[in-house]
Amino acid sequence: MSAPREVASGGKFSIARVARAWYVACASGELGEKPLARTILNTPLVLFRGLDNKPAALLDRCAHRNAPLSLGNTLQGELQCAYHGWRYDSSGVCVGVPGLVGDAEKNVRAVPRFPARDQDGYVWVYTAADEEPTAGPFRLPAASVGYTEVRRSVEVSSTLHAALENALDVPHTAFLHQGLFRGTGRTSRIRVRVTRTTDRVEAEYVGEPRPEGLVGKILSPSGGIVTHFDRFILPSIAQVEYRLGAENHFLITTLCTPVDDFRTRLYAAILFRTRFPGWLVRLLIEPIARRIFSQDAAMLRRQAETARRFGGEHYSSTEVDVLGLQIWLLLKRAEQGEAPAEDWLREFEMEV
Ligand code: FES
Ligand SMILES: [Fe+2]
């Protein structure tokens, strides 16, 4: 009898935890008077607004008896624990203990604090406690005249790597999202140019005719050639850019926040300009985008479940898995604090 074929996966999961990086914790508008609980890279955090309304992030655990500080309240820019009422300032220092005669600061250990700031409509948190970051968060492209912006946020059950690869993966669009965007039967051979530099990898798809699916037809009934870029930018940003003719421009920036090893929150900022009014495009495209997104989310969940059921992942890749391995390489180097790889360029042909 022959030996059974090897099916185990060696317990490997593509998990990279890039600390010392800025991640979106919430939209700026979500953080008001009530403290918010958020988890980033497995670390429970409490967010609140301190003096001058500036965001603050502390470890979500009271120094006194481990109550989650996110159950508490914000009072005059200080965070008060819901259990015995200890009060903390934005730097995590305990500034008040009810009933204590004397100075709280001298008696009490501070709660670890994480740098936080409002930028481009999001609250960002730097994931290293009590450290000062040397650079700021990623700058989102601003909406210029004629552009409409839509923002959406959703959580997916997937590793950060799988979520990033999905956001930038072309071949699945013809299959999983058949007919909505690509995958109407007609294919064309196009050139792909992949460039990797210190903090990013970018694929440029040259000469793709307008996709035949519903979205392309709405935007450009007369066809045309698409200029298309897919970019991954460290630590966790996926950006897709499409231009179709002089009028149509779409720039979708997805800021991914690793909640834990198998949950990722996506904050998508979608900027677009077309020959139609923004509200009309929104109305037409939104139901399609929602459908595309729920197909992706369902597949990511099933992919993660399957990998876990088998005790690990099993990958094989071809040239048309254009960015997945490069994203992994950049994430892994960043996680280990290694110097970036040499700049690198590759060109090949594929069918879309
Ligand atoms: S546990 Fe927070 S004040 Fe006691
Ligand atoms: Fe997709």
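Trainee: What makes strand S10 (residues 116-119) and S11 a pair?
Mentor: Two strands pair if DSSP finds at least two bridges between them. This is a predicted model, and in it four bridges join S10 to S11, which run antiparallel. One of the partners is Ala116, whose bridge partner in S11 is Val125.

Trainee: What lies between S10 and S11, and which residue in the turn has a positive phi?
Mentor: The two strands form a hairpin with two residues between them. Asp120, in the turn, has a positive phi of about 55°.

Trainee: How do you know that S1 pairs with S11, and in which sense?
Mentor: The same test applies: at least two bridges are needed. S1 and S11 have five bridges and pair in the antiparallel sense. Tyr23 stands opposite Val125 in S11.

Trainee: Why is S11 called largely enclosed?
Mentor: Buried means under 20% relative accessible area. Five of the five residues of strand S11 (residues 122-126) are buried, so the strand is largely enclosed by the rest of the structure. Tyr122, Trp124 and Tyr126 point one way from S11, while Val123 and Val125 point the other way, and all are buried.

Trainee: Which residues is Ser28 in contact with, beyond its neighbours within four places in sequence?
Mentor: Contact means heavy atoms within 4.5 Å. By that test Ser28 touches Arg49, Asp118, Gly121, Tyr122 and Val123.

Trainee: Now the metal. Which atoms are the protein donors of the iron ion (ligand 2)?
Mentor: Donors are N, O and S atoms within 2.8 Å of the metal. The protein donors here are His172 (NE2), His177 (NE2), Asp296 (OD) and Asp296 (OD), lying 2.1 to 2.2 Å from the iron ion. Along the chain they follow the spacing H-x4-H-x118-D.

Trainee: What does the pair of His177 and Asp296 tie together?
Mentor: His177 lies in the loop between helix H2 (160-167) and strand S13 (189-196), and Asp296 in helix H4 (residues 278-309), so the pair ties together parts that are 119 residues apart in sequence. Both His177 and Asp296 are buried.

Trainee: What is the strand order in the open sheet of eight strands?
Mentor: The order is S12-S18-S17-S16-S15-S14-S13-S19, with antiparallel pairing.

Trainee: What makes strand S12 (148-156) and strand S19 (344-351) edge strands?
Mentor: Each of them pairs on one side only. H4 packs on the sheet too, touching S12, strand S17 (248-260) and strand S18 (263-273).

Trainee: How do you know that S16 is mostly covered?
Mentor: Seven of its eight residues are buried. Strand S15 (residues 225-233) and strand S16 (residues 237-244) pair over eight bridges in the antiparallel sense, and eight bridges join S16 to S17, also antiparallel. Val240 shows both pairings: Asp230 stands opposite it, and its bridge partner in S17 is Ile252.

Trainee: And which residues have the most contacts inside the largest nonpolar core?
Mentor: That core has 75 residues, and those with the most contacts inside it are Phe232, Val322, Leu331 and Met350. Its largest share, five residues, comes from H4. Apart from it lies another core, of 13 residues, among them Trp22, Trp124, Leu140 and Ile233.

Terms used
Residues are numbered from 1 along each chain as its sequence is written. Chains are lettered from A and ligands numbered from 1 in the order in which they are written. This is a predicted model: local features need pLDDT of at least 70, side-chain atom pairs count only at pLDDT 80 or more; totals for chains, interfaces and linings use all residues. Side-chain values use heavy atoms; hydrogens and water are left out. Donors are N, O and S atoms within 2.8 Å of the metal (3.2 Å for Na, K and Ca); water is not among the atoms, so sites may look incomplete. Buried means under 20% relative accessible area, exposed over 50%, partly exposed in between (1.4 Å probe, protein chains only). Axes are lines fitted to C-alpha atoms, for helices over the stretch in contact, and angles run from 0 to 180 degrees between N-to-C directions. A nonpolar core is a set of buried Ala, Val, Leu, Ile, Met, Phe, Trp, Tyr and Cys residues joined through side-chain atoms within 4.5 Å.
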